[in-house]
Amino acid sequence: MKTGIADLIFHDLGLLPTPGTPKPEPWGGKVTSLKALSSLNPVYVILLADNNQNVLEQSNIWSSMQAFKSGKVYRMTSRQNCNEAFLP
């Protein structure tokens, strides 16, 4: 059985990962460094964040990313990810 937002994105929605995207951990996600994220420069980002006080959004890397520049960033809270993402 697969779980987590990565399974929803890549399997249920059929979206393709950006080349170089690390394989998700069994819990459904993958923590990566800012440097690694900057090398991916994804077209879309689903940001799991419970507030606006996070390192990513305060970095120069964030404002230079293709997804940020094109307005293709979608925020999701921990509650939405853990409790509401897989409701029938």
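**Salt bridge and fold**

Mentor: Arg75 and Glu57 form a salt bridge whose closest N and O atoms are 2.7 Å apart; the term requires a side-chain nitrogen of Lys or Arg within 4 Å of a carboxyl oxygen of Asp or Glu. The model is a predicted one, in which local features need pLDDT of at least 70 and side-chain atom pairs count only at pLDDT 80 or more, while totals for chains, interfaces and linings use all residues. Residues are numbered from 1 along each chain as its sequence is written, and side-chain values use heavy atoms, with hydrogens and water left out.

Trainee: Which parts does the pair of Arg75 and Glu57 tie together, and how many residues apart in sequence are they?

Mentor: Helices (H or I, at least four residues) and strands (E, at least two) are DSSP runs numbered from the N terminus. Arg75 belongs to strand E2 (residues 73-76), whereas Glu57 sits in the loop between E1 and helix H3 (60-64). The pair therefore ties together strand E2 and that loop, parts that are 18 residues apart in sequence.

Trainee: What pattern does the protein follow along the sequence?

Mentor: The secondary structure comprises 5 helices and 2 strands. Read in sequence order, the pattern is α-α-β-α-α-β-α.

Trainee: What share of the contacts with a separation of 6 or more comes from residues 24 or more positions apart?

Mentor: A contact here means heavy atoms within 4.5 Å. Among contacts in the protein with a separation of 6 or more, residues 24 or more positions apart account for 50%.

**Core and aromatic pair**

Trainee: Which residues does Leu47 contact, leaving aside its neighbours within four places in sequence?

Mentor: Leu47 is itself a member of the largest nonpolar core. With those neighbours left aside, the residues in contact with Leu47 are Asn54, Leu56, Glu57, Trp62, Val73, Tyr74, Arg75 and Met76.

Trainee: What kind of aromatic pair do Trp62 and Phe68 form?

Mentor: Rings of Phe, Tyr and Trp (its six-membered ring) pair if their centres lie within 6.5 Å; planes under 30 degrees apart count as stacked, over 60 as edge-to-face and the rest as tilted. The count by this rule is 1 aromatic pair. Trp62 and Phe68 lie 5.8 Å apart centre to centre, with 50 degrees between the planes, and the pair is tilted.

Trainee: How far does the backbone nitrogen of Trp62 lie from a polar atom of the side chain of Ser59?

Mentor: Ser59 is placed in the loop between E1 and H3 and counts as buried at 14% relative accessibility. Trp62 is also buried, with a relative accessible area of 4%. The distance from the side-chain polar atom of Ser59 to the backbone nitrogen of Trp62 is 3.2 Å.

Trainee: Leaving aside neighbours within four places in sequence, with which residues is Leu34 in contact?

Mentor: Leu34 has its place in helix H2 and is partly exposed, with a relative accessible area of 29%. Beyond those neighbours, Leu34 is in contact with Val55, Leu56, Ser59 and Ile61.

Trainee: What is the phi of Asn41?

Mentor: Most residues other than glycine have a negative phi. Asn41 lies in the loop between H2 and E1 and counts as partly exposed at 31% relative accessibility. Its phi is positive, in a residue other than glycine, and is near 45 degrees.

Conventions: Buried < 20%, exposed > 50% of the residue type's maximum accessible area, 1.4 Å probe, protein only. Core = buried A, V, L, I, M, F, W, Y, C linked by side-chain atoms within 4.5 Å. Polar contact = N/O pair within 3.5 Å; in protein donor to acceptor, adjacent residues only side chain to side chain.
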